[in-house]
Amino acid sequence: MSNLNENVVGQFNIGDTLATTFNVLLKRFIPLNLLVFIFQLPMLIWSISSGLFTASVENPEAVLNSFGDQFVWIMIVSTILSFASAAAVVYGVFLDITGRDINIGECLSKSLSVLVPVILSGVLAYIIILIGSVLLVVPGIFAAICFFVVIPVVVVERPGVFASLGRSADLTKGNRWSILGLFLIIMIVAIVLGFVSNFITIFFVGTGLNIIAIVISTVVQVITTTFFLIVGAVTYSNLRNSKEGISTGEIASVFD
């Protein structure tokens, strides 16, 4: 992992990044989580109506046999909706940290306007990370850190698919150890929340209270996803501030 040991160009701080993230999350809890929920709702409705939700809790091993023939389209739709929600939340975060109100319609419109480059950049980054992880774990981790802010880059700067990957790698250069630490922290948070959510969900499904299980599972998933996306947007903002001296207001001025 020596590739992460580089000269620090600016003062990127994990504590400041997390503090800003929680501040944005708590202050704009409803609109930002609502954006994520809107994009998760179609797959949630389908998973409930098709029986996938209950099956994945009661007998996860049988899910592939029952829904294997639908796996490709499930992945395609989920990927599109996931990246769309990421773009919407990133835009919403920059509206908030520049003191503007978060307009749901405006965020959705912005998300759709950059959806194609966001999907292409995100999928390409994922493929590189996956290849690195398969070959050896360390290259996969290194790639994940390099492309940590690729979605905010696309939403804010729109430099093109390949240029977005390069731009993200350039912004993270010099601060990758800090970003790795940040990544590990949010992964721990996600794992803990996921474990608690799964335990509670299994309990309520086992007692026949599927509605409660669905609500709890959905709430935890939405909040966790929103938290991750805010971290990415705030990290991007802080990296540009520390490396280029660009304020958040100047970054968000491209949306004016």
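Tutor: A residue is called buried when its relative accessible area is under 20%, exposed when over 50%, and partly exposed in between (1.4 Å probe, protein chains only). The model is predicted, so local features need pLDDT of at least 70 and side-chain atom pairs pLDDT 80 or more, while totals for chains, interfaces and linings use all residues. Residues are numbered from 1 along each chain as its sequence is written, and side-chain values use heavy atoms, with hydrogens and water left out.

Student: Is R240 buried or exposed?

Tutor: R240 counts as buried because its relative accessibility is 13%.

Student: Which residue forms a salt bridge with R240 at 3.6 Å?

Tutor: That residue is E157. A salt bridge here is a side-chain nitrogen of Lys or Arg within 4 Å of a carboxyl oxygen of Asp or Glu. The pair links distant parts of the chain, with E157 in helix 9 (residues 150-157) and R240 in helix 12 (residues 210-244), 83 residues apart. Helices are DSSP runs of H or I with at least four residues, numbered from the N terminus.

Student: What separates E244 and R240 along helix 12?

Tutor: They are four residues apart, about one turn of the helix. E244 also forms a salt bridge with R240, with the closest N and O atoms 3.0 Å apart.

Student: How many salt bridges are there by this rule?

Tutor: The count is eight.

Student: Changing topic, what is W73 in contact with?

Tutor: Leaving aside neighbours within four places in sequence, W73 is in contact (heavy atoms within 4.5 Å) with M43 and W46. W73 is partly exposed because its relative accessibility is 34%.

Technical notes
Helix = DSSP H or I, 4+ residues; strand = E, 2+ residues; numbered from the N terminus.
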